[in-house]
Amino acid sequence: MLLRQVDEWVDAELPRLNQAILDGAIPPGSLAGQAREVLLPRLPSITRLSRDEARRLVVRLGFLGASVARHYQEWTPGGKELPERAFDGLPAGSDEIPFRHYFAALAEHTGDGHYGRDSYASLVRWNVGTIEVRRGDEVLSVLPGVFDDRHVRSYTGTSGEERFFVLVKQGEAIELAVNEVLEPLTHDGAGLVGEHAVCRVRLAADLMMALRKLFLDFAVLPPERSMPPEQFMDVFRQFAVHWTVGDIPPSGALDPEALKRDFLLGIAIPGYEHNVRRLFPALLSRERTTIEDLMARDTLPFRLLTGLGIDPGELRAAPPARLRQLLGEDPALADWYRLLTAHARAAGAHLMLSKKFLFKPQRRRDEAGAGDRRLVSNRSGTTGMNETYLERLTRARQDHPLAPLRAVVADFPQINRCDGVRSHPELISVALVG
Ligand code: HEM
């Protein structure tokens with residue numbers, strides 16, 4: 001009973017209070033005050049909760065923590081420098097445990113190794129309902145959440161925020177399908193050029209094209225059906241504040257399926273592994289384990305070229321006649337080329353989104369002398385990736401080991417060998433199903 005009241009408060013009252021504070025209709029301290037009086041005393045003893053109840057409460061208290069932190073830092077001089085002070089005087093439950101300690105114990109109780117603050121997992125994967133990716137009638141991936149109420153929780157209850165969370169989870173579900181399709185090819189001794197492998201590689205490429213389309217479609221939606229850049233920059237992103245100095249706020253950069261794909265397909269960026277390891281605290285334990293495992297293996301393109309006895313340096317220097325000869329001998333190279341190129345094109349479409357919704361509008365603000373937001377800068381992403389770095393990531397994906405085949409690959413059309421299933425990204429659908 002108590003838990004239901006907590007749920008209702010966070011789902012309905014929290015966005016209303018946030019919006020009223022942002023509109024200047026109520027004082028910024030009202031949210032923390034209400035939470036102290038109404039919500040926090042009702043929080044249950046953590047050990048009485050099931051793992052799923054703990055996960056749902058992590059999502060909800062994540063929204064609460066981010067909201068309390070944001071308003072405190074926005075209105076308290078020096079608040080940004082001492083972010084943990086936002087949670088002073090917020091005891092939780094009948095044992096009156098300090099809020100952040102309660103949150104950390106709750107996160108631990110999920111059994112997932114969840115971070116001691118809100119995260120990509122809590123805001124996106126757990127918050128949004130089940131997303132299913134299909135090719136026609138065939139289900140390719142299922143990415144569940146931890147709620148079955150079809151409600152998408154958000155900071156201010158606007159449909160733009162809800163749509164953004166759904167968009168990101170749809171992207172992750174497509175990426176999950178890609179990784180699951182490619183996974184059998186990572187096994188020791190798995191062939192990479194036979195029919196079985198080629199069909200998987202083609203399907204993975206179709207999925208990457210579907211991911212690109214998801215990004216492009218979002219970019220051209222009218223503002224009332226997407227999220228206007230001002231809302232993204234001034235409202236939504238400003239909730240991604242630090243809870244403690246140096247912690248890792250939520251970000252698309254913590255999307256584990258994208259990280260896995262980079263290690264499956266390879267990305268030639270010096271220090272990339274190190275940068276990913278820095279993000280580990282904000283991932284779930286099984287995500288850390290899988291990514292570590294993939295980091296320790298050779299990438300699929302490396303194994304492909306080694307297996308065919310092709311030296312990447314030789315490929316880069318090869319004249320068109322030699323490239324044609326290689327493709328003639330191993331037509332599967334064309335399918336791998338198309339997969340790596342589809343990966344790069346999806347990255348390019350994502351880069352376009354980041355420019356459209358963040359970097360370009362911020363540049364216009366800078367040029368007009370309007371400056372930056374004080375809490376969460378709009379000159380870079382929340383884990384610190386700026387426009388130049390995102391451009392570098394895209395270029396590194398374009399500059400993949402099979403890129404030299406670009407000059408001749410069009411002469412090698414796909415031969416349909418995959419059980420009559422034609423390669424067609426349009427067959428892929430991604431939908432919220434529960
Ligand atoms: C309007 C939509 C979007 C905008 C404006 C946007 C913006 C950004 C920004 C600014 C970063 C840098 C993050 C940081 O520094 O922590 C980033 C990174 C990232 N985002 Fe997005 N993003 C959008 C949609 C998505 C979606 C739908 C996905 C899900 C697939 C996604 C996945 C990623 C990934 C994987 C990264 C890491 C960088 C990379 O690997 O290229 N983003 N995004």
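1. Arginine 150 is exposed, because 12 other C-beta atoms lie within 10 Å; on this scale a residue with 12 or fewer such atoms around its own C-beta is exposed, one with 20 or more is buried, and one in between is partly exposed, with C-beta atoms placed from the backbone. The residue belongs to the loop between β4 and α6. Its phi is positive, about 65°, although arginine 150 is not a glycine. Most residues other than glycine have a negative phi. Helices (H or I, at least four residues) and strands (E, at least two) are DSSP runs, numbered from the N terminus.

2. The model is predicted: local features need pLDDT of at least 70 and side-chain atom pairs count only at pLDDT 80 or more, while totals for chains, interfaces and linings use all residues. Residue numbers start from 1 along each chain as its sequence is written.

3. Glutamate 96 also has a positive phi, near 50°, in a residue other than glycine. Glutamate 96 sits in the loop between β1 (91-92) and β2 (97-98). It is exposed, because 11 other C-beta atoms lie within 10 Å.

4. Arginine 417 is found in the loop between α16 and β5. It is partly exposed, because 16 other C-beta atoms lie within 10 Å. Neighbours within four places in sequence aside, arginine 417 is in contact with Glu195 and Val198; contact requires C-beta atoms, placed from the backbone, within 7 Å.

5. Strand β3 (residues 131-135) pairs with strand β4 (residues 138-143) in the antiparallel sense over five bridges; pairing requires at least two bridges found by DSSP. The two strands form a hairpin with two residues between them, and glycine 136 in the turn has a positive phi of about 60°. Across this pair, glutamate 132 stands opposite valine 142 in β4, and arginine 134 stands opposite valine 139 in β4.

6. β3 is also joined to strand β5 (residues 428-432), antiparallel, by five bridges. On that side arginine 134 stands opposite serine 429 in β5.

7. The protein is divided into domain 1 (2-111) and domain 2 (152-432), with bounds taken from an automatic or database domain assignment. Their C-alpha centres lie 34 Å apart. Contacts link 20 residues of domain 1 with 14 residues of domain 2. On the side of domain 1 that touches domain 2, the elements giving two or more residues are α1 (2-22) and α3 (51-75). The largest share of that side, 10 residues, comes from α3. By class, that side of domain 1 has seven nonpolar, five polar and eight charged residues; Ala, Val, Leu, Ile, Met, Phe, Trp, Tyr, Cys and Pro count as nonpolar, Asp, Glu, Lys and Arg as charged, and the others, Gly among them, as polar.

8. The largest nonpolar core has 120 residues, of which Ile174, Ala204, Leu207 and Met208 touch the most other members; such a core is a set of buried Ala, Val, Leu, Ile, Met, Phe, Trp, Tyr and Cys residues joined through C-beta atoms within 7 Å. α15 gives the most to this core, with 15 residues. The core lies between domain 1 (2-111) and domain 2 (152-432), because both give residues to it. Leaving aside neighbours within four places in sequence, leucine 207 is in contact with Ile174, Ala177, Val178, Val181 and Ile428.

9. Around the ligand there are 25 residues, and Gly171, Gly252, Gly381, Thr383 and Met385 come nearest; a residue counts as near a molecule or strand when its C-beta atom, placed from the backbone, lies within 6 Å of it. The elements giving two or more residues to this shell are α6 (159-182), α15 (332-367) and α16 (387-398). α15 gives the most to the shell, with six residues. The shell divides by class into 12 nonpolar, 10 polar and three charged residues.

Technical notes: Contact = placed C-beta atoms within 7 Å.
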